[in-house]
Structure formats: C-alpha cells, structure tokens
Amino acid sequence: MTGADSATDTAGVAAAEPAPAVLRVRGLHAGHGAGTVVRDVDLHVAPGEVVALFGPNGAGKTTTLLTLSGCLPAHAGQIELLGAPITARTGARALARRGLRLVPEDRGLFRQLTVRENLALCLEQRRGGRALIEEALTVLPQLRPLLSRRAGLLSGGEQQQLALVRALLGRPRLLFVDEMSLGLAPRIAGELLRTLRTLAVERGLGVLLVEQHVPAALEVVDRVYALARGRLVHSGPADELRRDPGLLQAAYLGGTDQRDRTAQDT
Ligand SMILES: Nc1ncnc2c1ncn2[C@@H]1O[C@H](COP(=O)(O)OP(=O)(O)OP(=O)(O)O)[C@@H](O)[C@H]1O
C-alpha cells in the first residue's frame, strides 16, 4: 500500500483524511537564467510514495529537480513542501532543514575525503552525529567496512550507496534522486531502486526519482510523470505503463508535437 492509498476505508471505520502531500507543485515554469525550459508542470508526491519523472534527454527533468530543491529559482508557479509554500527566498539549506534531500546526478561526493568524512560533513550539528551516521548506515550496511576509504576509490555502485546514505542523514521526509542507475550494472541499479522502495514504505518517505532506465524504475514506482520538451505529457499509475509500455513512447511523441505547436504559437 502506498501513502496515497492510506485513506482507504476499512470495515466499520470512517475513512481517514488523506495524508497531505509531502510535495505539491502547480504551474511550475523553470529554466536557466531567463531561458524557460520547464512549462506549466503540476505534480505531487504523497508520503510513502515512489514517483518517477521520465522523459527523453533534454526534456527538463534535472531542471525540474534542481528547481524543486531550491538550487534554481522558479520562474512561476506554486511549490509546497509539507504543506508550507516555498518562495524564491527559501534557500536549499532551509529546504534541507524542512526534510528535503537531493541525490544529484553527479552524486556530489568529495572524492578526496573518506566515506566517514563525506557523511560527517553533511551533519547539521556535531552533537549526536555518530548515532545519525550509524542509523543511516543500517539502510546500506555494506558501506560500513568502507568508512575509511576515499570516496573517489569506491566503485560506482558504492559511490551511489554513499550518496544515498548521506541523503538519509537526519531522516528526510522527501527525497529527490537524479539518475540513480547512471553507469551502474543493472543488478546494482535494481538493488538500489528496491532499497528506495523499502525506505518509502517503512519510513513514509516520499521519493521523486528521475530515471532513464524505465523498466527497472517501473518495478518499484507507484506513479509516473513524463516530460517531453519541458511539458508534462503523461501522468498516471505505474501499473498502466507496466501493462502497456508503448504508452510512454506515444506520450513522448505527442509531447514533441505539442511543443512544436507551442513554439509556433509564440
Ligand atoms: N546550466 C544550464 N544553462 C543553460 N541551459 C541548460 C543548463 N542546464 C541544462 N540546460 C538546458 O536545459 C534543457 C533541459 O536540460 P535538463 O538537464 O533539465 O534535461 P534532462 O531531462 O534532465 O536531460 P538528461 O536526461 O539528458 O539529463 C536542455 O536543453 C539543456 O541544454
């Protein structure tokens, strides 16, 4: 069961209020500098839900994640994190304090530092830091023997594990993951995606992931959004795409046509 289903009625018990979304986005326009890349995007993520953002190269997926994590200013639209609005003045640090973490596409590790140092650097405060690191390591205990190794010497899969454990420090409520499977063997990528699924279910963590490896992601996600040329061209349950993978391709092509029409209109 996902967070989105948690309001389902049970025999003799009134349905509870649906859990408020950890993330709700309406009419997002975003881009780099003055250039708009993402147009009119609506999306939401419920607690305990794993949601994918798919799309071809250059569709605007990373731009969307960077904007929602406060690294780029939104050009227009409303963004709510845990029910509270985010404005242009809400910086990435404030968002992190409110429970948002981003695992960026390049993993953002300090390659010359050890695994332990990479984790310690990301602690908001030193007090209780060791316990927080121990708790985060319970998710991927295979990292523990590597604590003294330099991050740059880890394999791609181990680096991704470190990036994920680092993001889990302090128990976030919402996690963005950009291209987790990039450069990884399918088996390793699949394991990490299943770890995300477990985290979401067990901790009520909302997860929004950008992923090029669609079949692997479809095994673990609840819902899907697809972007093409900066516009949402599909949204719906993952089941729909598992039954009919051709839907996504058709949506991308439809999105291209739509973008071309929009470009001509402007
Ligand atoms: N720093 C930047 N400055 C200007 N334009 C940028 C910048 N970064 C990305 N873009 C442009 O924004 C558009 C969307 O890029 P983005 O990285 O968001 O797409 P994506 O869907 O994540 O692509 P991919 O799957 O290839 O990573 C592209 O046309 C890209 O060239």
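**Entry 1: the whole chain.** I looked up burial first, and of the 266 residues of the protein chain, 41% count as buried (a residue is buried if 20 or more other C-beta atoms lie within 10 Å of its own, exposed if 12 or fewer, and partly exposed in between, with C-beta atoms placed from the backbone). I noted that this is a predicted model, in which local features need pLDDT of at least 70 and side-chain atom pairs count only at pLDDT 80 or more, while totals for chains, interfaces and linings use all residues. I also noted that residues are numbered from 1 along each chain as its sequence is written. The secondary structure of the protein chain comes to 9 helices and 10 strands (helices, H or I, have at least four residues and strands, E, at least two; both are DSSP runs numbered from the N terminus). Among contacts in the protein chain with a separation of 6 or more, 67% are between residues 24 or more positions apart (two residues are in contact if their C-beta atoms, placed from the backbone, lie within 7 Å).

**Entry 2: the sheet.** I traced an open sheet of 6 strands, with the order E6-E7-E8-E3-E9-E10 and mixed pairing (two strands pair if DSSP finds at least two bridges between them). Strand E6 (100-103) and E10 stand at the edges with a single partner strand each, so one side of each is left without a neighbour in the sheet. Averaged over the sheet and with direction ignored, neighbouring strands are turned by 15° against each other (axes are lines fitted to C-alpha atoms, for helices over the stretch in contact, and angles run from 0 to 180 degrees between N-to-C directions). I reminded myself that strands of a sheet pair through backbone hydrogen bonds, either parallel or antiparallel.

**Entry 3: strand E8 and its partners.** Strand E3 (residues 50-54) and strand E8 (residues 206-210) run parallel and are joined by 4 bridges, while E7 and E8, also parallel, are joined by 5 bridges. Leucine 209 in E8 has alanine 52 standing opposite, and valine 177 stands opposite leucine 209 as well. Leucine 53 has valine 210 in E8 as its bridge partner. I then asked which residues point each way from E8. Gly206, Leu208 and Val210 point one way, Val207 and Leu209 point the other way, and all are buried.

Entry 4: Which residues surround the ligand? I found His32, Val37, Gly55, Asn57, Gly58, Ala59, Gly60, Lys61, Thr62 and Thr63 around the ligand (a residue is near a molecule or strand if its C-beta atom, placed from the backbone, lies within 6 Å of it). By class, this shell has 2 nonpolar, 7 polar and 1 charged residues (Ala, Val, Leu, Ile, Met, Phe, Trp, Tyr, Cys and Pro count as nonpolar, Asp, Glu, Lys and Arg as charged, and the others, Gly among them, as polar). Helix H1 (residues 61-68) gives the largest share of the shell, 3 residues. H1 also lies across E3, E6, E7, E8 and E9, running at about 150° to E7.

**Entry 5: helix H5.** I checked the length of helix H5 (residues 156-168): at 1.5 Å a residue, its 13 residues should span 18 Å, and its end C-alpha atoms are 19 Å apart, which agrees (the expected span is 1.5 Å times one less than the number of residues). H5 is mostly covered, as 10 of its 13 residues are buried. The buried residues of H5 pack against E6, helix H3 (115-121), helix H4 (129-137), E7 and H6. Just after H5, glycine 170 takes a positive phi of about 85°.

**Entry 6: two loop residues.** Most residues other than glycine have a negative phi, and most peptide bonds are trans. Glutamate 179, although not a glycine, has a positive phi of about 55°. Glutamate 179 sits in the loop between strand E7 (174-178) and helix H6 (186-203), and is buried, with 22 other C-beta atoms within 10 Å. Arginine 229 is not a glycine either, and has a positive phi of about 50°. The loop that holds arginine 229 runs between strand E9 (223-228) and strand E10 (231-237).
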